[in-house]
Amino acid sequence: MNGRRTHVVVGGTSGLGLEVARLLAAEHRVVVLGDVEREVAAASDYLACDGIVCDVSDYDDVRQAMREVATRHGGIDGLAHCAAMWAGGALDELTPARLRRVVEVNVLGTAYVMREALTWMKAASRGNIVYVGAMAVDVPRPGIPVYRATKSFGKSLVESLAQAMGTDGIKVMQIHPGPMPTRLQERAGAHFLDQVYAQPAQVAREVVRLLSLGPEDLYVSDQKVLRADGRW
């Protein structure tokens, strides 16, 4: 997609999302979404871009945020969905409140964000969506059954949406990076970080590449992120 575009980066206040927003901001209009006001303000100031406080688990919040972006900038050309809530521990170690919150953010939040982004993209018959999943959906690891299950929802949703979009100018794509040194990883704990891993800046370049694909480019519906030597 050539020219200056409008991209929304959900979870764009830290880690991978912030790197994606930073790369995009050099040539495009960027709007970062996050649920903590001071973090949104900091990211917006750092990148000299727009920022909107949005709780993705609240449908009205998501709808209003997407409407604000589309109205202010004339549409939404790209969406990078980088937000996720960590849930480590065995199923019986997680409180019902924690279980509910993780599902609200990782499952409902993902559905809300894609629903609203697609509404605006369909109106314009164009747009690219990149969902950041997790390698864990294909490579089970002990201690993260709920996190893996919620991220698996996103994978399944993207696969179905990708097929449904067909060739109408809208691409719904996903990547599945392994553990990275980010704030989410800090919450997960060092024991979940592999000896070989990618840096957020490296994965961000791949997200931006997918967001830049044009209607005539080959469709990417699923992609694992590997290092140059073929390892995770």
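Contact means heavy atoms within 4.5 Å of each other. The model is predicted: local features need pLDDT of at least 70, side-chain atom pairs count only at pLDDT 80 or more, and totals for chains, interfaces and linings use all residues. Residues are numbered from 1 along each chain as its sequence is written, and side-chain values use heavy atoms, without hydrogens and water.

**Exercise 1.** Find which residues Val10 touches, leaving out those up to four places away in sequence. Then place Val10 in its core.

*Solution.* Start with the contacts. Val10 touches Leu33, Val56, Leu79, Ala80, His81, Cys82, Ala83 and Val113. Next, the core. A nonpolar core is a set of buried Ala, Val, Leu, Ile, Met, Phe, Trp, Tyr and Cys residues joined through side-chain atoms within 4.5 Å. Buried means under 20% relative accessible area, exposed over 50%, and partly exposed in between (1.4 Å probe, protein chains only). The largest core has 38 residues, and Val10 is among those that touch the most other members, together with Val8, Leu33, Met66, Leu79, Ile129 and Val172. Helix 4 (96-124) is one of the elements that supply at least two residues of this core. Its share is the largest, seven residues. Helices (H or I, at least four residues) and strands (E, at least two) are DSSP runs, numbered from the N terminus. Finally, a second, separate core has 24 residues, including Val9 and Ala80.

**Exercise 2.** Sort the residues of helix 2 (residues 37-47) into buried and exposed.

*Solution.* Glu39, Val40, Ala43, Ser44 and Leu47 are buried. They cover an arc of only 130° around the axis, so they lie on the same side of helix 2. The arc is that of the directions from the helix axis to the C-beta atoms. Glu37, Arg38, Asp45 and Tyr46 are exposed on the other side. After helix 2 comes Ala48, with a positive phi near 55°.

**Exercise 3.** Classify the ring pair of Trp86 and Tyr147.

*Solution.* Take the rule. Rings of Phe, Tyr and Trp (its six-membered ring) pair if their centres lie within 6.5 Å; planes under 30 degrees apart count as stacked, over 60 as edge-to-face and the rest as tilted. The whole structure holds two aromatic pairs. In the pair of Trp86 and Tyr147, the centres are 4.8 Å apart and the planes at 45°, so the pair is tilted. Trp86 sits in the loop between strand 4 (78-81) and helix 4, and Tyr147 in helix 5, 61 residues apart. Both Trp86 and Tyr147 are buried.
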